Amino acid sequence: MEPAIEAVGLVKRFGDVTALSGLDLTVPEGTVLGVLGPNGAGKTTAVSILTTLLLPDEGSARVAGVDVLADPAEVRRRIGLSGQYAAVDEVLSGYENLEMIGRLYHLGKERARQRANELLERFDLTQAANRSVKGYSGGMRRRLDLAGALVAAPPVLFLDEPTTGLDPRSRLDLWEIIRELVTQGTTLLLTTQYLEEADHLADDIVVIDHGTAIARGTSDQLKAQVGGERISATLEDPTDTAAAIEALVPLAVGDIESGDPAGQLLVPISGGAAVLTDALRRLDAAGIGLRDVGLRRPTLDDVFLILTGHRAEEDAGPGGLAEGASADDTEAA
Amino acid sequence: MSSVAQALADTAVVAKRNVIKIRRVPEVLTFVLISPIMFVLLFGYVFGNAIEVAGSSYREFLIAGIFAQTVMFGATFTGVGIAEDMEKGIINRFRSLPMAGSAVLAGRTASDVIYNVLSVAVMAITGLIVGWRIRGSFLDAVVAFGLILLFAYAVSWVMAYIALIVPSVEVINNASFMVIFPLSFIANTFVPVEDLPGPLQTFAEWNPVSTVTQAARELFGNIPPGAPQPDAWPLQNPVIYSLLWIVAAVAVFSTLAVRRYQRVTKN
């Protein structure tokens with residue numbers, strides 16, 4: 001079966017800046033692709049090309065079985081786009097926004113009305129339906145924006161950083177909604193700079209940096225690429241470090257890191273909880289006390305650091321989850 | 001539905017949205033209505049008292065020019081509206097929908113006709129209060145107002161195009177004024193074109209602001225008896241020339257603007 005989204009060799013330059021330098025993407029029908037990368041990596045440019053907003057300098061793409069360059073109008077009938085900046089009209093009410101979008105998808109007056117009400121209900125916006133969007137919270141706006149993308153129930157959905165700038169609570173709400181959509185069979189391409197988000201929502205992940213894919217696979221595959229599990233242990237007495245390393249060397253599948261901070265050990269292992277139990281027995285036998293111990297799998301943040309040499313959030317400012325990205329996304333075309 | 005009917009339906013949807021916004025943001029409307037009053041009073045009294053025109057009131061002579069000039073200033077709202085929609089990402093939303101590419105711009109220029117009608121009405125009332133009179137026939141006056149409104153519509157398309165080529169809302173006003181100021185001042189609005197030096201005189205004679213003003217003056221019966229006949233063809237046939245200019249401007253700038261719209265994305 002033809003993939004729902006397929007892009008081959010996308011190149012886009014803006015003057016001297018190369019936003020995309022030969023990006024390939026494939027999203028099988030009914031799956032979620034997380035496009036992960038820092039600000040300026042080329043995520044928005046890729047989405048803009050796939051949603052017909054921007055022409056690539058090179059490359060080709062098919063979305064929902066239609067050639068993006070040859071028949072952009074037909075592509076627009078089959079997609080929904082919810083952008084990084086909540087593109088809803090502030091002055092109009094939530095209902096008016098959705099009804100307008102329905103009319104512009106040519107659903108007809110009755111159907112547009114009905115669909116607007118359905119979506120307001122589904123996105124928990126019925127109370128605010130007739131209020132100006134100006135008074136909506138950030139989370140409500142994003143929900144409305146996402147609802148706008150769903151008006152025509154498109155088979156393929158593009159969400160460009162759907163949760164950037166949202167507080168953690170609103171983010172979880174939105175994840176819930178997105179997961180529900182996906183179980184109903186929508187194909188989704190999601191861009192994000194939050195590793196956790198890709199981990200939660202995506203079947204496959206493409207990590208992009210400087211306009212090209214630097215890694216792809218499932219979350220687990222990417223983690224495996226970086227290295228397996230590690231035991232993280234904090235010794236009660238840091239002077240036991242040498243003895244602890246000696247006790248654990250037989251279990252390690254690589255070099256044991258230690259001393260950062262003092263009394264902390266990171267032991268690369270393979271075998272999961274059974275090895276952890278073994279490790280605990282050995283430390284106990286050696287009379288070494290532990291303050292804390294756990295099995296640690298690498299996060300996508302580790303993946304990013306190893307793949308790109310810099311942390312994912314580096315370019316996005318000191319934002320944790322709740323901080324969101326700086327508004328000046330230089331990649332935006 | 002045929003594609004033309006579809007485009008018209010899409011245009012109506014966009015225009016309806018803009019009209020809702022006019023109602024909800026009355027501050028804009030207030031400004032739209034106050035500035036014409038200000039222009040009529042300002043130019044009418046500052047210039048109107050300064051110059052004597054034999055056998056006629058200079059203020060009365062000025063009014064038609066003030067109408068033409070003010071609706072041109074008013075057309076900057078078209079540009080501001082489009083630039084704002086771009087800045088807020090709504091244009092991107094529209095562009096991702098299977099709607100007619102022309103509808104966003106056509107809807108905007110159509111809904112801005114409301115501003116123009118209100119602005120002209122307010123100016124006419126203010127003009128009547130300060131002594132302007134319509135001395136021609138009722139039908140002629142209707143034609144004059146119609147011409148002014150069509151002119152405003154054409155300038156709206158020029159502004160729509162400018163809005164799509166400038167990078168942000170902040171520069172749209174400056175960019176529009178670069179078009180508006182030469183057009184409004186190198187014209188017969190305040191001074192006779194004969195008094196302008198060579199190239200400026202030619203510019204003024206072919207300037208649509210001049211011809212719309214001339215047409216309106218003639219149709220309102222505001223040309224003093226014994227005023228010299230203009231030499232240039234556009235000013236001798238101001239209605240025809242103005243209409244030709246309007247049709248050409250709408251054709252050229254709507255084509256340019258729609259083409260530009262289809263390629264533009266938010267920066």
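Predicted model: local features only at pLDDT ≥ 70, side-chain atom pairs only at ≥ 80, totals over all residues.
Biologist: What percentage of the residues of chain A count as buried?

Modeller: The accessible surface of chain A comes to about 14100 Å², and carbon and sulfur atoms hold 48% of that area. A residue is called buried when its relative accessible area is under 20%. Of the 333 residues in chain A, the share that counts as buried is 53%.

Biologist: Among contacts in chain A between residues at least 6 apart in sequence, what percentage join residues at least 24 apart?

Modeller: The contacts considered are those in chain A whose partners lie at least 6 apart in sequence.

Biologist: Are H3(B) and H10(B) oblique or roughly parallel to each other?

Modeller: Helix H3 of chain B covers residues 58-74 and helix H10 of chain B covers residues 208-220; their axes come within 8 Å and cross at roughly 135 degrees. An angle over 145 degrees would count as roughly antiparallel, and one of 65 to 115 as roughly perpendicular. The angle therefore makes H3(B), relative to H10(B), oblique.

Biologist: How many nonpolar, polar and charged residues has the contact of H3(B) with H10(B)?

Modeller: The crossing of the two helices, H3(B) and H10(B), is right-handed. From H3(B), B:Phe61, B:Leu62, B:Ala64, B:Gly65, B:Phe67, B:Ala68 and B:Met72 take part, meeting B:Val209, B:Val212, B:Thr213, B:Ala216, B:Arg217 and B:Phe220 of H10(B). Sorted by class, this contact of H3(B) with H10(B) has 10 nonpolar, 2 polar and 1 charged residues.

Biologist: Is B:Asn116 buried or exposed?

Modeller: B:Asn116 is found in helix H6 of chain B, residues 103-129. Beyond its neighbours within four places in sequence, B:Asn116 is in contact with B:Val71, B:Leu149, B:Ala152, B:Tyr153 and B:Ser156. Because its relative accessible area is 5%, B:Asn116 is classed as buried.

Biologist: How far apart in space are B:Ala9 and B:Ala249, C-alpha to C-alpha?

Modeller: B:Ala9 is found in helix H1 of chain B, which comprises residues 3-24. With a relative accessibility of 28%, B:Ala9 counts as partly exposed. In sequence B:Ala9 and B:Ala249 are 240 residues apart, and in space their C-alpha to C-alpha separation is 24 Å.

Definitions and conventions
Residues numbered from 1 in each chain as written. Chains lettered and ligands numbered in written order. Heavy atoms only, no water. Axes fitted to C-alpha atoms, helices over the stretch in contact; angles between N-to-C directions. Helix = DSSP H or I, 4+ residues; strand = E, 2+ residues; numbered from the N terminus. Parallel < 35°, antiparallel > 145°, perpendicular 65-115°, else oblique. Left-handed = near helix turned anticlockwise from the far one by under 90°. Contact = heavy atoms within 4.5 Å. Nonpolar A, V, L, I, M, F, W, Y, C, P; charged D, E, K, R; others polar. Buried < 20%, exposed > 50% of the residue type's maximum accessible area, 1.4 Å probe, protein only. Areas by Shrake-Rupley, 256 points an atom, 1.4 Å probe, with all protein chains shown as cover.
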